[in-house]
Every structure is written in structure tokens, then in C-alpha cells.
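Keep the structure open while you read.

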Amino acid sequence: MSQWRGSRSVWPVLALAVMLAAIPLIPRIGFTVAREGLWTERAVAVTPASPAVANWVQLARELKPAVVNVSTRRVQDGLPARPGPFRDQDPAERFFGARPRREVRSLGSGFIINPDGYLVTNNHVVDGATDIRVKLADGRELGAKVVGRDSKTDLALLKIEATGLPVVPLGDSSALQVAEPVMAIGNPFGLAQTVTTGIVSATGRVIGEGPYDDFIQTDASINPGNSGGPLINARGQAVGINTAIFSQSGGSIGIGFAIPINLAKSVVAALAEHGHVVRGWLGVAVQPLTPELAKALDVVASQGALVSAVTPGSPAMQAGLRPGDVITAYDGRKVGRTEDLPRAVAETPVGREVPLTVLRDGKTVSLMARIARLEEPVERVAATGEMGSGLGVAVQPLTPALARELGLSEIQGLLVRAVEDGSPASTVGLAAGDVIVEVDRQPVQSAADLKQVVDKHRGGPPILLLVHRNGESVFVAVSV
């Protein structure tokens, strides 16, 4: 979990300006569908140990079977950097001219939300994984597929082939109170089924972990390996998903953070229905309005989002927003903090016109903006069998013009646009941006050429691919 997440250890830096074009804006799409069957929101029936104390023993007994261990394998470029004077004397670089790819394993947690095998974890637990295994409390270990994942909110929805599973009911994170008791369940350092308790230290925390920060802070002990596990309230409901810690040593010092479950509900529902999340886009960079800035801008306001830049051609520019404007209300709702604006945009259907109240040069100005869709670079979804005819890749013929645009030295072949999680292509380390130049020692120029070869190899010997990557060539053998 780093200082903030996973197993990395980096000091966070709280950004002052946030581009809404990169902000994870969470829609309400699919929420009704999810409520009807993807998860349950009932509370666990417990008998309090005393009138004022939650019965953590009973809650742990009820909920631990629904918390799982998530282990992954991934292929990663390069070897660990060699320290000191030997860093430039790596034998692999000296003899082969490149650092070889290596397999990396990692551990995390997750919890089951549907008895038919749907479970939630963090995106950083499964990001880039070529193989995902889920170990249940009863000892079974099953392969998992990624239904969908969202890097902006660090959430992923997995599916295992099992039925009749125990589940963790979901609660209402908006009802959380500071000092309310909570319990974390997970697999810190690979120690399965570990339970820790504490209280809610704060809500609405912005920790610089991403452009959409709204974390629950808790002093319940959270460590590397807890990522993706549930944060439970005294009613036996998941109110958060444990994601990050603040630590200079890599271990818990009593400052942990969880994604609010209300945010996760809408994301998980969208992932279940579409495999990705649709986001709105306004197209401005905003920063907090400090008293000094308000005085310099001649603005009589203590709240609002200060516009520092407007993206050309964006809904914001078309609406007439300018740098120096202070957005004080969006769609009839006050913008108290800078972080309030992206959350408001998040709930706006794409294509809808919304009113904006803006302070400009000491005057109040009313504008209308039509929200557009935020285009993600590549949306990676569950394997559907439609990408690469069984390889699990989406490809595009490489033309000279496209090669120049992308700065590639190759002028022919197939450009890999996306690789499906858990596919044969991902298993051998193919990645977006690779160029497939040859298939079985023959040049390849179209997806039809690739499909023809794949069909011939089904159930047979591996396909030999010649791949260009970062100015180098490498052969890859992939079985279909």
C-alpha cells in the first residue's frame, strides 16, 4: 500500500489545480440494476455484546467467509534497478542490449457481493495481471476474470465460477459519523482472514492519491495486502473498501483510507453493465480560491472553484467560461470546495445542459454548459472473444501516417490498441503500443490475416509473433 497505496512508498503531494478532463466523474448509470440483484444492502443480525458495543466476534464470524485473498501474476519490463556503482553493469544489458521481462507476483484482498461469484477489489491489485487467482475462506482457489475496472477510482469487479457464496452486504457510507466504530477484514502481508478494529477518524479526506479524492480515514490497522478488503460498520455492512495508508515505514501507523461504498456502488454497477464507467467532461482546470486570490481577483467570495485554464473546444469554452472565473454554483448546487465541482459533473448525464453561476470581475454571471463525455484512452473490459479472434487483442493496421503520428519507426504491421485482462496475449506480455510485424514468420497487415492464422492454431502449437516494442524486436510464442 505505499505510503498511500499498494506496496509503494512515496510521499503524497496535494495538487492545487485539477483538470476536470482527467477527473474520475462517477455517473449514476446502472445503479437501479445493481440494487435489484448485483448486491444486497441488508444488515447482519447481531446481538450486541453490550448496549453500547458492537459484537465484533459475531460480525467477524459472519463476514470473514465472504472476504477473499486475491493473488496475481503479471509480466513486467526490466529488472529491478541495480544500486550504486554496479547499476550500469547489468549483465542482461551488457550482453543482450535490453533488460528482460520478468514475472511479478502480488497479493491483495477482495470481498464477495453476489452469491454467484461477483467480488470487488482495488484496481491496483489486478492492474496488468496476466493471471488472477482467488482463494476462498473454505480453501478453494479459483481463477478470476475481470468484468471491468476503473483506474480513476481504483476499483475492479471480478467474477469467479462459483455459486451459493457468502456475501458482505453493502451499507450507506453517507451515514458514517466520525468516531463511529469500524472493522477491517483482509490479508495483510498475506496473512489471510485478519481482523482489525478502530473508529472512523474522518470523512471526505483529500490525500493527493488521485483527482477524485473522498476517502474515509480510519485508525483500524491496514497494511499491504489489505487493499480491496471491506471496512465494516457495527451493523455488519461494508461502508468502505480499504485502499491506502499513510506510512513512512510501509506498515500501519493508524492512518488508513477507504473508498466510500456509496461511490463504489455506482462504479461497480457501471462495470457490471458496461465493463467501464462513462464520465462527464466540462474541460476546465480548477484550483481552490484562497483569501489572497479572492482579493487579487476582486471577488467577494470565500467558497467556489477558481478556473485556472479552459480547454479549447470544450463545453466550458463553448459556455463562455474564462480563466479567473470563480464557479460558485453548478446545476443549482453550491460549490463549497474545489472537489465539489467534479462530483457534481459526475452525476450529470452526458449531453445535458446545466446552469453555472460564476463570479467574474466582481459581478455574478449566469452561463449554460452542455456536458460532454470524457474520452478514456483505452477502456479495458472483460474477455468477450471479439478481440483478436481468440488472442485477446484489439489491433489496427499500421499506416505510414499513423506511424509518424505515434513516433514509430515501423511502417507496416498491426498496432496493438488494447489487450484483454487474462487473455492469451496478456499472458505473454503483449501490451497496447506493441506492433505485430510478423505472424508465423510471415508479414501481417490486417486483422483478417491475424484471424486466419489464429483459427489454424486453435488447440495446436503456439503462434510465433515478431513484435516491435520501444525500438526493439522480440519473438513471442502464444498459445490459443
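Which residues of α5 are buried? They are I261, L263, A264, K265, S266, V267, V268, A269, A270 and L271.

## Before you dig in

This is a predicted model, so local features need pLDDT of at least 70 and side-chain atom pairs count only at pLDDT 80 or more, while totals for chains, interfaces and linings use all residues. Residues are numbered from 1 along each chain as its sequence is written, and side-chain values use heavy atoms, with hydrogens and water left out.

## Helix α5

With 10 of its 14 residues buried, α5 is largely enclosed by the rest of the structure. Here buried means under 20% relative accessible area, exposed means over 50%, and partly exposed is in between (1.4 Å probe, protein chains only). Helices (H or I, at least four residues) and strands (E, at least two) are DSSP runs, numbered from the N terminus.

The length of α5 checks out too: its 14 residues should span 20 Å at 1.5 Å a residue, and its end C-alpha atoms are 19 Å apart, which agrees. That expected span is 1.5 Å times one less than the number of residues. Just after α5 comes G275, with a positive phi of about 85°.

## The nonpolar cores

A nonpolar core is a set of buried Ala, Val, Leu, Ile, Met, Phe, Trp, Tyr and Cys residues joined through side-chain atoms within 4.5 Å. The largest one has 38 residues, and F111, I113 and I241 touch the most other members. Elements that each supply at least two residues include β3 (102-114), β12 (238-245) and α5 (261-274). The largest share, eight residues, comes from α5. Apart from this core lies another, of 21 residues, with V284, A305, L341 and A369 among them.

## Strand β26 and its partners

Six of the seven residues of β26 (residues 463-469) are buried, so this strand is largely enclosed by the rest of the structure. Strands pair if DSSP finds at least two bridges between them. β24 (residues 435-439) runs antiparallel to β26, joined by four bridges, and E438 stands opposite L466.

Seven bridges join β26 to β27 (residues 472-478), also antiparallel, with L464 opposite A477. These two strands form a hairpin with two residues between them, and N470 in the turn has a positive phi of about 55°.

## A salt bridge to look at

The structure holds 12 salt bridges, each a side-chain nitrogen of Lys or Arg within 4 Å of a carboxyl oxygen of Asp or Glu. In one of them, K451 and D455 have their closest N and O atoms 3.0 Å apart. Being four residues apart in α11 (residues 447-457), K451 and D455 are separated by about one helical turn.
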